[in-house]
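The sequence and the structure are shown first.

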Amino acid sequence: MSEWKKTWCNLCAVTCGLELEVENNKVVNVRSDPSSPRSNGYCCRKGRTAKYFIDHGDRVLYPRKKVGDRYERISWEQAYKEIAEKANTILKLHGPRSAAVIGAGTAAVQTAAATAAPMLAAMGSRYIFNPIGVEFMADWWSHGRIFGDQSHFLEADDERCEVMIYWGSNAYVSHQMPNARRICREFSESPDKTVIVVDPRLSETARMADMHIMPALGSDSLFLRALIALILENGWENKEYLNKYTKDWALAKGWFRDFDIDGALRVCKIPRKQAEDFARILTTKKWGMHRDLGLFFGRHATMNSYLCILLTIVCGMCLVPGGNVPPERVIALAGSDERDPKTWRTPVTNRFPVMGIYPEAVIPDEILGNNPDRIRFAITSLNNPLRSYPDSQKMEEALRSLELLVAIECCETEVAQFADYVLPSTNAYEGNGGFNIFTLNYPEVVFGCRKQIVRPLGEAKEDSMIFAELTEAMGLIPKPPRWLHTAAEDAVITGDRMKYFMKLGAWLAMGNLKYFDQAASIIALTLGKAMGSADRAMTWGGMLMSNLPGRAIMAVKADKKQHPIISRMPILSGMCKMDAAFKLCDDNPQGAVIARSDEFELMKRHIKHKDGKLRLWCEEIDSYIKRITPEKEEAELTLKDGCNMILSAGRHSESGVNASMRNSKTFKYRDPYTLAVNPEDAAQMGLTDGQTVRLSTNKGSIKIPIECSWQISRGYCMMPHFFGLKFEGGTYGVHANYLTDHRDIDEITGNARWRYTPCRVEVI
Ligand SMILES: Nc1nc2c(c(=O)[nH]1)N[C@H]1C(S)=C(S)[C@@H](COP(=O)(O)OP(=O)(O)OC[C@H]3O[C@@H](n4cnc5c(=O)[nH]c(N)nc54)[C@H](O)[C@@H]3O)O[C@H]1N2
Ligand SMILES: Nc1nc2c(c(=O)[nH]1)N[C@H]1C(S)=C(S)[C@@H](COP(=O)(O)OP(=O)(O)OC[C@H]3O[C@@H](n4cnc5c(=O)[nH]c(N)nc54)[C@H](O)[C@@H]3O)O[C@H]1N2
Ligand code: SF4
Ligand SMILES: [Mo]
């Protein structure tokens, strides 16, 4: 007998609603879930291949330790005991800066961070690394400067805007926004709507565009500067908006005065007429912009982000319905500010965190070498540092040199082949209650709590539980008292979780306030155990700490019968609402609308500077933008050092999923392990479709077959980043990060420059 169960896809940040058919604890079929408020019946091909991710011959099933050059199966107790002893010795000898957590969250599942981050903090360390730190650093930093808050980012209000702009995004293929294909189609087909794509190549999304702007590869910052200058030259800026909502426009305006617009457009290879048409649309229509890796992994990532946000402001399209809006966060996230002297900088590379996360490209330099403050001990989870960060060889050398490396993994990954301890984790379909912080819907706030679809294999545990148990084993928190366990068990039986919450408060007040920051682990170890899922308890705890209810936008009311007193008290009343929201999510595995964004309060709520105004000028951008000139950029964009092309070291094709989809059988159609080149470039080099070439960078050299494609512009070549993954005894293709440089990163925030890697393509 089989049964269809509802859940959320784990393969990208969109987390579409899925229905999985389960037979004998195996997923045999996958389809989209029409009842999902998140995706309304939409899902992509990757989601439908989820079963190949869930169950295969390369799952990690039992805890193990490295003894000499082989592995020995051990119990969880032994694993915790030994890891705790070794970690504590390292901390004692070398201090808190010796510890790091790498990962603790993929784009779609981040519940583990709820116990991993407090564990790191309890050790005294702050070094948490995650792909966000090569991807969104630039953007979130820019938001921090302009809004005074890093934790909100702008997305297009795609339900209501007239013009949808995709800048450096191939959303039709990579999604990264709910219902991507439906929205691309709708805007493309509707006579009242317009799609504009800014992409140097003819991507799948660009093929659907009404206007396709093709800046020369890597010239976005120069183009953005020219575009804003053009708007000002014509007096098209939204003066009323600028006067009302901004503080220092008079200063920032200087960046665009007397700027050589024609010179810049020539270097960007954009006809003046097209730039003017674009500027006119931007200043007369309601538009939203979806930006992605073409900007974030491009040259000048921080400048790109900053100027894009500035463009939304100059046009009066920032924080307005029908324009660019910040989706609400359910799980509260804290930004960081490197100007605060208490913020840690990495000792070797002098890098700072954004949203508390450090740029992982610097990991090798922070491990290797003799700096006394170097990282000596790391735990990886929900992340593959050997495939997902630049320069895999350097990363491997660094990780191998650690005094202690613990890999928490559901798959036999490259890191799991040599880590000192390998701990088996459940995946998103075996855990019970994980959440996704990326609430991308707008204005509805959709949230959910995954339900267990299949029972875990072997001795796998949830990542969040592993971190909590390790925190306890290291002696960083006391053993929770029996009565707190009883309160947790009662909460599960009666459904009155707030009573448990009050008891947790009482425990903290009884001389345990110093463990306040570790409350998540206490919740995992008590309520998590009682619920049979730390993830589920973390989702509840995370929701309780949400700052949504203070905004009176909740679609859910507190249960006043169950909580007659506390549901009327300040702070606690909001928590009661979130407890009710948790119940709604818990009862509805497809997720629920728990709040609605208040569209008329956007400015008031999201600008965190004391005077409520947007800041447009900042020192870092001021000194940097002076270098974004036609002359300097033209010189920098000229190929050097024997390079004959620019490589995009990453291509999101229909099939692969970052480092998660190891089974190459899912690459069904045309072989996606190719280097895509423009047919004219190929002809000039005497290459034919399918021919194997040598592709070299300053870091390495591989052989790869070419694919002639008119989608690719001249001088550019693209390879996917999800090959070279070991799977059931084989490895298919070579990984892109053998070719990338861990020092080739954005100078301000450290985003990786994966869409602009100078390379040499040669006939073999
Ligand atoms: N199939 C699949 N889908 C995925 C993923 C996956 O692994 N596989 N991963 C998910 C994740 S984690 C992410 S972050 C997203 C990424 O989603 P996207 O950012 O949409 O993915 P890319 O394919 O990198 O597309 C970036 C686009 O930028 C363009 N570009 C390159 N250089 C430049 C430039 O200098 N300027 C401009 N303006 N554009 C440029 C490229 O031509 C490309 O069309 O995809 C998500 N979806
Ligand atoms: N060259 C190049 N490199 C890139 C990119 C690129 O375009 N080019 N793209 C970058 C981007 S945008 C991103 S987001 C990153 C993604 O980088 P990663 O986050 O490393 O990739 P993921 O595929 O999300 O999954 C990482 C690992 O998590 C494991 N995993 C999955 N579920 C679970 C779980 O529940 N528990 C545990 N413990 N492990 C689990 C998987 O087995 C996999 O090994 O890659 C980046 N790397
Ligand atoms: S768009 Fe993302 S979340 Fe949705 S089905 Fe595809 S991979 Fe899964
Ligand atoms: Mo990503």
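## The shell around ligand 1

By class, 7 nonpolar, 13 polar and 7 charged residues make up the shell around ligand 1. Here Ala, Val, Leu, Ile, Met, Phe, Trp, Tyr, Cys and Pro count as nonpolar, Asp, Glu, Lys and Arg as charged, and the others, Gly among them, as polar. This is a predicted model, in which local features need pLDDT of at least 70 and side-chain atom pairs pLDDT 80 or more, while totals for chains, interfaces and linings use all residues. Residues are numbered from 1 along each chain as its sequence is written, and side-chain values use heavy atoms, without hydrogens and water.

Ligand 1 is surrounded by 27 residues, and the closest are Glu135, Ser174, Asp199, Ser653 and Gly656; a residue is near a molecule if one of its heavy atoms lies within 4 Å of it.

## Oxygen atoms of ligand 1

An N or O atom in the side chain of His652 lies 2.9 Å from an oxygen atom of ligand 1. For the side chain of Arg755, the corresponding distance from an N or O atom to an oxygen atom of ligand 1 is 2.8 Å. A backbone N or O atom of Asn170 is 2.8 Å from an oxygen atom of ligand 1.

The residues around ligand 3 include Cys9, Cys12, Cys16, Cys43, Cys44 and His175. By class, the shell around ligand 3 has 7 nonpolar, 3 polar and 1 charged residues.

Note on methods. Chains lettered and ligands numbered in written order. Polar contact = N/O pair within 3.5 Å; in protein donor to acceptor, adjacent residues only side chain to side chain.
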